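Subject: Handover of a structure

Dear colleague,

Please find below the structure that I am handing over to you.

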Amino acid sequence: MSNKIYMIYGKDPFSMSMELLSAIQAEKLIERKDARIIIKPNFVIADRPERGATTHTEIVEAVIVYLKYHGFHDITVAEGSWVGARTADAFRLLGYHEMARKYDIKLLDTKKDSYRKIVSHGIRMEISESVLDSDFIINIPVLKGHCQTLMTHAMKNLKGFLSDRSKRDFHSQGLMEPIAALSDIIRPGLIISDSICGDLDFEEGGNPVESDRMMAATDQFLLDSFSASLMGYDVSDIGYLEVAKEWGIGDTDFSHADIIELNKPVVKPVRPCQMAIHLAKYTDADEACSACYASLIRALKRFEETGGLTSLKGRKIAIGQGFKGKHPELGVGICCQGAEKFVKGCPAKADDILRMLEEL
Ligand code: SF4
């Protein structure tokens, strides 16, 4: 398992995916050309990716094109939406039947598969047999908030491989230990993270925060731990990461991760989502990059949750390339290094911004 995490910024998920796949040399991770490959997007519900819940279709398409180019042919897109939603609706809405015909790949609704009963760390679960019998899994989660686990990403996305009964059981068992237990059984060989516009708080979307970022890694524990920091959390805030650490099943110390940025963040006019509009009034953005701005919004959201927001007393936090050479009071990112107090990074990370806010 490599400690490398590749990051790329941009507006074109297809070409960003291609660059990530080339950088990580995805074809070398799969041992045989006849390997049964499972691609796992996130279709928690049937909704458009721009609403912050579901995986961008272009990413899945890029992975298929890349695999086909390198001679892999046994490819299945497998997913099971949350309890109460029909996976078939997502496949239809997002054009997967056309894609399956075009590239000669299979679609699997895991709700309709047969299951094998597994016990992991004392937790019973029913996992899709086709997934368990596959040779290589490519997980393509969306990095977004979650009302119970705070963050949902690679490890939690694996829930789509469970029967609906096990999905329910996971909730009744508090989610954290079950998610860690599942992650010990299912260890995808590659994770391509869709962090283009994940929701601020809810896995079902509706309040997307545009980050225009994607990542690739082979270690789901390391990637989730690093991603927590991008969302403004410590590893200790994310229950299933804490359990994974306690059980010794995965590396959650991303301080030794090798973070490789393939390019620089995108500058764009910032458009805070509906839920973040009241947070945006604490920002002063001038040519801000989306990844940096998303970190600031997420940090402000965390700060609000701890009751700290009112302590800002109307002060605004400067962000963006328009602040180069200027001297605002508070700033985020290397562009604002002239500020009296600023957070390092390009882009800055939400957990570092939160730390500055807490110190004020
Ligand atoms: S520090 Fe400046 S250049 Fe870097 S991501 Fe932030 S706004 Fe963009």
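Predicted model: local features only at pLDDT ≥ 70, side-chain atom pairs only at ≥ 80, totals over all residues.

Residues are numbered from 1 along each chain as its sequence is written, and side-chain values use heavy atoms, leaving out hydrogens and water.

The names H and E need a word of explanation: helices (H or I, at least four residues) and strands (E, at least two) are DSSP runs, numbered from the N terminus.

I begin with the sheets. Eight strands, in the order E4-E3-E2-E7-E10-E11-E1-E12, form an open sheet with mixed pairing; two strands pair if DSSP finds at least two bridges between them. Strand E4 (106-109) and strand E12 (258-261) stand at the edges with a single partner strand each, so one side of each has no neighbour in the sheet. On average, neighbouring strands here are turned by 20° against each other, direction ignored. Within this sheet, strand E10 (residues 190-195) and strand E11 (residues 213-217) run antiparallel and are joined by 5 bridges. Isoleucine 191 stands opposite alanine 217 in E11.

Another open sheet has 4 strands in the order E13-E14-E15-E16, and its pairing is parallel. Its edges are strand E13 (283-285) and strand E16 (341-343); each has a single partner strand, so one side of each is left without a neighbour in the sheet. From one strand to the next, the twist averages 25°. Strand E15 (residues 330-332) pairs with E16 in the parallel sense over 3 bridges, and leucine 330 stands opposite lysine 341 in E16. Helix H13 (residues 290-305) packs on this sheet, touching E13, strand E14 (317-319) and E15, and its direction makes about 160° with that of E14. Helix H14 (residues 350-359) lies across E14, E15 and E16 and runs at about 155° to E16.

Next comes a pair of helices. The axes of helix H3 (residues 57-69) and helix H5 (residues 96-103) come within 12 Å and cross at roughly 10°. Axes are lines fitted to C-alpha atoms, for helices over the stretch in contact, and angles run from 0 to 180 degrees between N-to-C directions. H3 and H5 are therefore roughly parallel to each other (angles under 35 degrees count as roughly parallel, over 145 as roughly antiparallel, 65 to 115 as roughly perpendicular and the rest as oblique). Residues of H3, including Val60 and Ile64, meet residues of H5, including Tyr96 and Met99, where contact means heavy atoms within 4.5 Å.

As for pockets, the largest one is lined by 17 residues, and Val44, Trp82, Lys156, Lys159 and Glu203 lie nearest its centre. A pocket is an open set of points on a 1 Å grid over the protein atoms alone, where a 1.4 Å probe fits, with protein on both sides within 12 Å along at least five of seven lines; lining residues have an atom within 4 Å of a point. Helix H8 (164-172) gives the most to this lining, with 3 residues.

Finally, two backbone features deserve attention. The peptide bond from cysteine 346 to proline 347 is cis, with omega near 5°, and proline 347 sits in the loop between E16 and H14. Histidine 121 is not a glycine, yet has a positive phi of about 50°.

Yours sincerely
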